[in-house]
Amino acid sequence: MRARWLREVDWVLISSTVLLAAFGVVALISARGGSAEAASSFLRARALHLALGALVMVALAATDYRQLAGPWQVIYAGTLLLLASVLVLGDTRMGAQRWIALGAFGGFQPSEIAKLALVITIARHLEGVKSLPRLRSLFPFALHIAVPAALIVRQPDLGTALVLLAVLAAVLYVAGARAQDLAGVAAAGAIAAPFLWRLLHDYQRRRLSAFLDPGADPLGAGYALIQSKIAVGSGQIFGKGLFAGTQSVLRFIPEQHTDFVFTVVGEELGLAGATLLLGLYLVWLWRALRIAEGARDRLGALVATGIAAMVAFHVVVNVGMTVGLMPVTGIPLPLVSHGGTAIITTLAGTGMLLSIHLRRRPGS
């Protein structure tokens, strides 16, 4: 049995996951000044997160994804309860109430766990649906995501709520929704966006304004974006050298070990290093989509698609915001940015993909 698993497991997916995690450790050291001693507390936390995430990944790979998704209503209700509890019990950090404290272990961010949980529940909800012929047939599934998304926006965490919408769109498309219906919903959202301006928090408005014109407030809302673009651009083709980036080592960029970690790669390793990192993500996503294509049933295909969409959205938005192509939304770079719950969630998603791949043949 063990020998069969070793032959059947997707080693390309595992290898790309390990290399991305290693990339993240090096980027973390550089973001803390290029010294392992200065980054020691962060490295200990990263080691703990990777160890826990690896255990979860192996456990989920060994578990039949069909059994895991069986009680999807219970998973969904638990997810809503967890998200609601954040609004009552959550810690407030930097103006956002997103974390639940765990004493000496720090805390965790329920909205990160919710992303993977909702991939499973929406896939299970859609499993028995043979077609989605009309726009109104999308409504139950939109409501499925809208309720937890509203709880996440309330924290406030607009970026994670947008991840859920991206996952929903991808899963609905694979489930048979018409492209013109999904495009119509997206167009309606774009038209309604100006009317939602008043619902945004002040810091969210400042971020959007800084995206359109960072020079209007160069020492305030536009500061991080301006410094980020300087860092990435100064790396040129091969970068300034590992741990030799002036913007990163001198910490010109706020939160460069979390949301802006890609600037460290761009400045110190240049276009070559950034291309290598993005190449690893492409390999990871290629394997996820191949697993979706080769899944033995509709549930496996939808779950794998949702996980791929979740990671792809994170990568596109995070890299896009560091180079000024997208507004700053606080979305981490999977397996590279510092953030325990996000790392464990991505490794858990990898475990789900491995489970689907291992059971791709009837009788497995």
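Buried means under 20% relative accessible area, exposed means over 50%, and partly exposed lies in between, with a 1.4 Å probe and protein chains only. By that rule Glu 127, at 24% relative accessibility, counts as partly exposed. This is a predicted model, in which local features need pLDDT of at least 70, side-chain atom pairs count only at pLDDT 80 or more, and totals for chains, interfaces and linings use all residues. Residues are numbered from 1 along each chain as its sequence is written, and side-chain values use heavy atoms, with hydrogens and water left out.

**Sheet**

- An open sheet is formed by 3 strands in the order S1-S2-S3, with antiparallel pairing; two strands pair if DSSP finds at least two bridges between them.
- Helices (H or I, at least four residues) and strands (E, at least two) are DSSP runs, numbered from the N terminus.
- Strand S1 (91–93) and strand S3 (107–108) are the edge strands, each pairing on one side only.
- S1 is joined to strand S2 (residues 96–101) by 3 bridges, and Arg 93 stands opposite Ala 96 in S2.

**Salt bridges**

- The structure holds 9 salt bridges, each a side-chain nitrogen of Lys or Arg within 4 Å of a carboxyl oxygen of Asp or Glu.
- In helix H6 (residues 110–127), Lys 115 and Glu 112 are 3 residues apart, and so are separated by about one helical turn.
- The side chains of Lys 115 and Glu 112 meet in a salt bridge (2.7 Å, N to O), and both residues are buried.
- Helix H6 also holds Arg 124 and Glu 127, 3 residues apart; their salt bridge has its closest N and O atoms 3.1 Å apart.
- Arg 124 is partly exposed, at 27% relative accessibility.
- Lys 240 forms a salt bridge with Glu 267, with the closest N and O atoms 2.9 Å apart.
- Lys 240 lies in the loop between helix H11 (223–234) and helix H12 (246–249), and Glu 267 in helix H13 (residues 261–294), so this pair ties together parts that are 27 residues apart in sequence.
- Lys 240 is partly exposed, with a relative accessible area of 33%, whereas Glu 267 is buried at 0%.

**Helix H8**

- Leu 158 lies in helix H8.
- Leu 158 has a relative accessible area of 34% and is therefore partly exposed.
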